[in-house]
Amino acid sequence: MSEENQSTNSSQQQPVESTPTLPLPRTYGGLLGRNQNTGTKREWPEVVGLTAEEAEKKIKEDKPGVHVHVVPSNCFVTMDFRQDRVRLFVDDSRKVERPPMIG
């Protein structure tokens, strides 16, 4: 019986191959393999204070093909995330109130 214990102990002491551990992605886009540092713009703080038309023109210059939605600042919106949408929250004079971003 002591021989059996010795044989099981020796099998338990075999080195285990370790796989290199990679850091966890910090964002959901990183998890999907999208690099956040690709140079594509995701936010436009410089358009705050511009009219909706001027802001839309600037956003479409930076990111062609995006759908720009002009929304009154006190209006309800859905919380779904879309890569091809930018919402412009405007005040009563149709000037952008907060920095627009992808979503």
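In the predicted model, the backbone oxygen of Asp 80 lies 2.6 Å from a polar atom of the Arg 85 side chain. The side chain of Arg 85 also reaches the backbone oxygen of Gly 103, at 2.4 Å. Arg 85 belongs to strand β2, where strands (E, at least two residues) and helices (H or I, at least four) are DSSP runs numbered from the N terminus. Because its relative accessibility is 4%, Arg 85 counts as buried; buried means under 20% relative accessible area, exposed over 50%, and partly exposed in between (1.4 Å probe, protein chains only). Not counting residues up to four places away in sequence, Arg 85 touches residues including Val 66, His 67, His 69 and Met 101, with contact defined as heavy atoms within 4.5 Å.

In α3 (residues 52–62), Ala 52, Ala 55 and Ile 59 are buried. They lie on the same side of α3 because they cover an arc of only 65° around the axis, the arc being that of the directions from the helix axis to the C-beta atoms. Lys 57 and Glu 61, on the other side of α3, are exposed.

Ser 93 is found in the segment after β2 (85–90). With 48% relative accessibility, Ser 93 counts as partly exposed. Ser 93 and Thr 51 are 42 residues apart in sequence, and their C-alpha atoms are 8.1 Å apart in space.

Residues are numbered from 1 along each chain as its sequence is written, and side-chain values use heavy atoms, leaving out hydrogens and water. As the model is predicted, local features need pLDDT of at least 70 and side-chain atom pairs count only at pLDDT 80 or more, whereas totals for chains, interfaces and linings use all residues.

Notes:
Polar contact = N/O pair within 3.5 Å; in protein donor to acceptor, adjacent residues only side chain to side chain.
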